[in-house]
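Have a look at it, then read on.

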2 protein chains.
Amino acid sequence: MTNRAHNFNPGPAALPLEVLKEVQEELLDFKGSGMSILEHSHRGKDYEAVHNQAQALFAELLGLTPDYKVVFLGGGASTQFYMVPQNLITGGKKADYVNTGSWAEKAIKEAKKFGDVALAHDVKASGGYTYIPTQDQLKLRPDAVYLHITTNNTIEGTQYHAFPQAPAGVPLVADMSSDFLWRKFDPRPFGLIYAGAQKNLGPAGVTALIIRQDLAAKFVEGLPTMCNLKKHMDENSLYNTPPVFAIYVTAKVLEWIKRHGGLEAMEKRNLEKAKLLYDTIDAHPAYFKCPVRKDSRSMMNVVWRLPNEQLEEKFVKESKAAGLVGLKGHRSVGGLRASIYNAVPHASVKALVDFMTDFMKKNG
Amino acid sequence: MTNRAHNFNPGPAALPLEVLKEVQEELLDFKGSGMSILEHSHRGKDYEAVHNQAQALFAELLGLTPDYKVVFLGGGASTQFYMVPQNLITGGKKADYVNTGSWAEKAIKEAKKFGDVALAHDVKASGGYTYIPTQDQLKLRPDAVYLHITTNNTIEGTQYHAFPQAPAGVPLVADMSSDFLWRKFDPRPFGLIYAGAQKNLGPAGVTALIIRQDLAAKFVEGLPTMCNLKKHMDENSLYNTPPVFAIYVTAKVLEWIKRHGGLEAMEKRNLEKAKLLYDTIDAHPAYFKCPVRKDSRSMMNVVWRLPNEQLEEKFVKESKAAGLVGLKGHRSVGGLRASIYNAVPHASVKALVDFMTDFMKKNG
C-alpha cells in the first residue's frame, strides 16, 4: 500500500482509517451473511439494524429529544435547497435567509421559486463573503415560517460561532453540510437541519435530515411523493430504496465519533487543529493572509492567500507532490484552502504547517 | 469467510464476486493515490476517469449514438417517476402510460400531478397483473409527448419481450430498473430510459438515465435546479456531488459485463437460468404454479406459488436455512419469487431448482 495521503479535500473528504478498514474487512461478507452489505435487501433485518443504529447514533450524539426524527435521503444538500422551501413555503409563505456564502446563495435562489423569501442579511452586499453577521445586523420577520442559515461556508471559510436568535416561534432551519457534528450544540432552536454526508459524516450519496415534528406539521400536501418530507419521516426513510452503503458507512463514522469521546472530544481536537493552522497563518502576516474576519473564521475550512497567484499555484503543485492533497481554493475564489473535518488527523495539519513554513522560507 | 449465499434478492441484489473483490482490494488506496475512492474529490482527475468510463461503457454496451447522453442521479427511480413528467408534461401536456404493475402504477400516480396522463392499457382492470398487453391492445394518442412503459415488473414477474410501437414522432420513455442490460435491444425508439442501479447495474444509491437530445429540447424551464434534467446533462452529472461510490461500483459491473462477453453473453446466460427455473415449475404443474401468462414471463424475476400459503412460508424458511436468500414474494402479492439478475450465477439457480424438487418430494 502507498503511504496514506494528507487529505484536505473539501468534500468528498477524508474518512477515518479505522472506518475504512472495517468496511474493507466486511465487504465480501457482512456479519456472516454470505453477502456483501451492497447485496443486502433494504427490507432485511441486517440492513434494518444498520439503518436504525445510524439514526440512534445521531440522536445520541446530538442529544435529540424524541420529537426529532432522523431522515436519510439521496440527492445531496442541493436537493434540500428546494425540498425544504417546497414543503414549507409553497404558495407564497415567508422565509428569511441569511446570505453568508455561495451555498447560501444557491439555497436562496431555489427558495425564491416557492415563496416570499427575504434576506435577513446579505454579506455579499459588503463586497465579499468575509464575515458572519451579528445578531443586531439581522432583519427578521416575526411571521416567517423559518429562518435559514448556512452554519459553515465551505468555500469562503466562515462559520457561525453562535447561532442567531430567531423571533419567538420561528424555528431555525440550517444547512450544516460542512460542519455538522464538529462539536456539540443545542438543537432545540432548530426545526430542521440538513447535511450532505460527504464532508463530516461519511461518503457522498446520502443527506441526513433532522426534522422536528411540530415543523413537519406545517409541511404542505399534494407534492410528488419523493418530495414529501413527511412521507419520508412516516416511512422511516424506507419509502423507496435508501442509499444503503452511504448510510452504512455513516453509521460507522458515527460509531467512530462515539468511540473517540463523542462531540466534546471532536470539538477539542478540531479546535487544536484549527489553532495550529491559524496560528501559523497569523505568525507571518506579510506572507500568509486569511481574508476572513477573525471572529468568523471556520474551524472546518481554513482559507488563506499567499503574496501572489504564481506562488499559490506553486504551493498547490508542490504540496501535492509532498502528499498534501486538496489544498487549492475553490475555483470561484482562488487562493488556498485546507478542509480539516473531524476525520483529518492532527498529524496531517502538522504536516501542512511544516510544509507552509518551509515553503515560505524557500519562496520568501 | 462464510460460504457465499445464493442471493435471489429483488434489489439491492447480488453483485458479481469479481467486482466485490476488486472493490475490497482497492478500498483503502484507489490507484496508488493514498486515499480511498470514498475520499476522492468528485472534481479530481481520478474520479473523473471513473465517471466518464461508466458513461462510455453504457454507450458501448448499448450501442448508443452520440445524440444520447448518460446521466447519473441520486434518489432512485422513484424520483424519476416525478422528474420525468415534471420536465416533459408540466402545464397539462399529454403522456400515455401502460399500467403493467405496481411500479408502473406509482409512476402513473406521480405523472398525473403534472399533465394529462392517459392509460394506453390498464392490466389491473383485468383483475391481476399477469400479462403484458400486445400492440393491438394499446390505445395511443398521436399527440402525446411520450409513451411510458415499465419494461420489467419486478413484483409481478412480467416483462416485455417486444417493445410497443408508439405513434410516429412519439418517443418511448421507459423505467428499466429491473431489466436494464439483461440483453441487447434497439435503443432508437427510446427518448429516455431510467433505471435504479440496485437490481442489474450496481449498488443502491444511483439512477442511470439515458436521454436523447431531441427529447431534452422539450424539457420545460423554471424548475428547481436539481429537478432540471437538462442542467444535469449539460453539467455532465456534476452540477452537485454525485453518488461517487455507487457510480464507481456500477462502472466495475459494466466492465464485468464487457469482460464476460457483453450483452449477447448476458442474454444467453439469463435465458438459460430462466429456462432452468421455468422448466422446473412447468414440469410439476400440480405443485408449482406461475401465475404469469407464458408469453409475458420475466427472465429477471420468476414468481410462483405452492399449493398453499403454509407451504410457501415453510419454503421461505427452509430455503433460507439452506443458504438460498430472498425467495419470499413481495409483501403485496405473496408467493415465491427468485430474482435472477445478470450477477446471479447459474449455480445458484441450479441450487434453487434442486431445493425446489427436493422440497416438493418431502412436502408433496
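## A buried tyrosine and its partner

B:Tyr146 is buried, with a relative accessible area of 0% (buried means under 20%, exposed over 50%, partly exposed in between, using a 1.4 Å probe and protein chains only). B:Tyr97 counts as buried too, because its relative accessibility is 2%.

Keep in mind that this is a predicted model: local features need pLDDT of at least 70, side-chain atom pairs count only at pLDDT 80 or more, and totals for chains, interfaces and linings use all residues. Residues are numbered from 1 along each chain as its sequence is written, chains are lettered from A and ligands numbered from 1 in the order in which they are written, and side-chain values use heavy atoms, leaving out hydrogens and water.

## Aromatic pairs

Over all chains, the structure holds 31 aromatic pairs (rings of Phe, Tyr and Trp, its six-membered ring, with centres within 6.5 Å; planes under 30 degrees apart are stacked, over 60 edge-to-face, the rest tilted). B:Tyr97 and B:Tyr146 make an edge-to-face one, at 5.8 Å centre to centre and 65 degrees between the planes. It ties together distant parts of the chain: B:Tyr97 sits in strand 3 (residues 94-99) of chain B and B:Tyr146 in strand 5 (residues 146-150), 49 residues apart (strands are DSSP runs of E, at least two residues, numbered from the N terminus).

B:Phe163 and B:Phe185 are also edge-to-face, because their ring centres are 5.9 Å apart and their planes lie at 80 degrees. B:Phe163 counts as partly exposed at 30% relative accessibility, while B:Phe185, at 13%, counts as buried. Elsewhere, one aromatic cluster brings in both chains: A:Phe30, A:Phe245, A:Tyr248, B:Phe30, B:Phe245 and B:Tyr248.

## The nonpolar cores

The largest nonpolar core has 116 residues, and A:Phe180, B:Phe58 and B:Phe180 have the most contacts inside it (a core is a set of buried Ala, Val, Leu, Ile, Met, Phe, Trp, Tyr and Cys residues joined through side-chain atoms within 4.5 Å). A second, separate core of 66 residues includes A:Phe81, B:Ile108, B:Ile211 and B:Met226.

Terms used
Helix = DSSP H or I, 4+ residues; strand = E, 2+ residues; numbered from the N terminus.
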